[in-house]
Amino acid sequence: MQRSLARSPLFWLAGILVVGLAIGLAMTALPGEPSPAQAAEAGSIPFSHQVHVEEAGVQCLFCHSQALRAPQASLPSLQTCMTCHEYITVDEDGQELVQQVVQAYESGARVQWPDVYKQPDFVRFSHRAHLAGGVACQTCHGPVEEMGIVEKRVEMNMGFCLDCHRTQIREHPEMAAMEKARLLDCTTCHK
Ligand code: HEC
Ligand code: HEC
Ligand code: HEC
Ligand code: HEC
Ligand code: HEC
């Protein structure tokens, strides 16, 4: 019985499937959830807007490109950091900090930056619409290019939003009446 089973093609096929499945599982398990240690490490990843925007001249949209086409501007992944830091060299102090970024990337850690400007769930907002309307990032976020980690400089409450929408209406008398009404309609900004 043993021998005939071992000779059966089905036996071998089953064996190959089991081994294949084990390898597959091991591969998908690798870049899975970061351990708490990895998450903590990622939470303290050094990053400065001042260094990147003011000194190195990187454009906001290089890292927040979603803002052009989506409601969310989104934060860059560690992979985006590596598009530069795989190749460029920085001065000695900087290189030590960059090494922390490289290590976090290689360990597969997921970064958790703090939420700075998060709005309540009942607010509807779209970056795309405002970029298309020519509103500068700094109007709503302040001089981010001068900051290390971003801090909240602008209080984006309802009055702040409505003030600008009323200004748009005043400064664009040619705007269709429906469009004017829409900028002040509760359901434009609320779900
Ligand atoms: C090289 C990549 C990079 C560039 C360039 C960059 N940012 Fe960022 N931005 C980040 C990272 C990483 C974070 C998360 C860390 C933090 O909050 O500082 C962030 C966070 C932010 C936040 C806070 C998000 C929140 O949680 O509310 C704002 C606002 C922001 N960036 C705006 C800008 C603006 C405006 C510019 C251009 C003047 C810019 N960024 C350029 C990478 C970048
Ligand atoms: C009209 C105001 C306004 C303008 C202009 C604006 N933002 Fe924002 N931004 C917001 C609001 C409001 C939020 C919070 C959105 C939420 O919680 O849904 C936000 C959130 C963010 C975040 C956090 C992540 C996210 O997607 O929610 C980043 C990063 C950011 N903005 C970057 C930028 C950059 C870069 C620009 C310019 C290209 C920009 N913003 C222009 C109002 C603005
Ligand atoms: C478009 C290229 C580019 C991208 C993308 C980029 N960097 Fe940099 N980064 C630079 C340059 C250039 C310098 C060196 C500036 C200098 O030394 O004058 C630098 C310097 C640094 C430094 C050392 C200087 C310091 O004191 O902060 C750290 C740390 C760093 N980057 C982290 C990050 C992280 C984290 C990301 C992703 C969120 C990132 N970088 C994305 C170009 C980039
Ligand atoms: C500095 C001016 C300014 C500020 C501040 C501003 N908006 Fe706007 N908003 C605009 C402009 C310009 C448009 C586009 C009008 C058009 O379509 O012609 C717009 C359009 C919108 C739309 C319609 C989007 C679409 O899909 O067409 C929403 C929703 C909106 N804004 C929400 C907000 C909220 C929420 C805030 C505050 C967190 C805010 N806005 C702050 C100028 C502003
Ligand atoms: C241009 C965008 C916009 C329009 C239009 C708008 N809201 Fe708001 N509203 C907001 C934002 C943003 C907040 C969140 C403010 C905060 O977190 O400080 C808010 C908050 C609120 C809140 C919570 C309490 C408060 O004041 O924080 C209520 C209630 C509310 N809005 C009702 C309305 C009603 C009713 C209308 C129509 C007459 C309206 N909103 C029109 C943007 C808007």
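Which element gives the largest share of the shell around ligand 4? I started there. I found that H10 does, with five residues.

**Entry: the model**

I looked up the confidence next. The mean pLDDT of the protein is 83. I saw that 77% of the residues reach 70 or more. Where pLDDT is low, the predicted coordinates should not be read in detail. I moved on to the ligands.

**Entry: ligand 4**

I found 18 residues around ligand 4. Ala-129, Gly-133, Met-156, Cys-161 and Cys-164 come nearest. I then listed the elements that give two or more residues to this shell: helix H8 (127–132), H9, helix H10 (158–171) and helix H12 (186–189). Ten residues are nonpolar, seven are polar and one is charged.

**Entry: H10 and its partner**

H10 packs with helix H11, residues 177–184. Their axes are 9 Å apart, at an angle of about 170 degrees. Angles over 145 degrees count as roughly antiparallel, so H10 is roughly antiparallel to H11. On the H10 side I noted Leu-162, His-165, Gln-168 and Ile-169 in the contact. H11 brings Lys-180, Leu-183 and Leu-184. By class, this contact has four nonpolar residues, two polar and one charged.

**Entry: ligand 1**

How many residues surround ligand 1? I found 21. The closest are Cys-60, Cys-63, Val-116, Tyr-117 and Cys-137. Helix H4 (49–55), helix H5 (60–63) and helix H9 (137–141) are the elements giving two or more residues to this shell. The classes around ligand 1 are 15 nonpolar, four polar and two charged.

**Entry: H6 and H7**

My last stop was another helix pair. Helix H6 spans residues 78–85, and helix H7 spans residues 92–106. I read an angle of about 130 degrees, with the axes 10 Å apart. H6 and H7 are therefore oblique to each other. Their crossing is left-handed. From H6, the contact takes Leu-78, Cys-81, Met-82 and His-85. From H7, Val-98, Val-101, Val-102, Ala-104 and Tyr-105 take part. I counted classes here as well: eight nonpolar, one polar and no charged residues.

How values were computed
Residues are numbered from 1 along each chain as its sequence is written. Chains are lettered from A and ligands numbered from 1 in the order in which they are written. This is a predicted model: local features need pLDDT of at least 70, side-chain atom pairs count only at pLDDT 80 or more; totals for chains, interfaces and linings use all residues. A residue is near a molecule or strand if its C-beta atom, placed from the backbone, lies within 6 Å of it. Helices (H or I, at least four residues) and strands (E, at least two) are DSSP runs, numbered from the N terminus. Ala, Val, Leu, Ile, Met, Phe, Trp, Tyr, Cys and Pro count as nonpolar, Asp, Glu, Lys and Arg as charged, and the others, Gly among them, as polar. Axes are lines fitted to C-alpha atoms, for helices over the stretch in contact, and angles run from 0 to 180 degrees between N-to-C directions. Angles under 35 degrees count as roughly parallel, over 145 as roughly antiparallel, 65 to 115 as roughly perpendicular and the rest as oblique. A crossing is left-handed if the near helix is turned anticlockwise from the far one by less than a right angle, and right-handed if clockwise. Two residues are in contact if their C-beta atoms, placed from the backbone, lie within 7 Å. pLDDT is the predictor's confidence in each residue, from 0 to 100.
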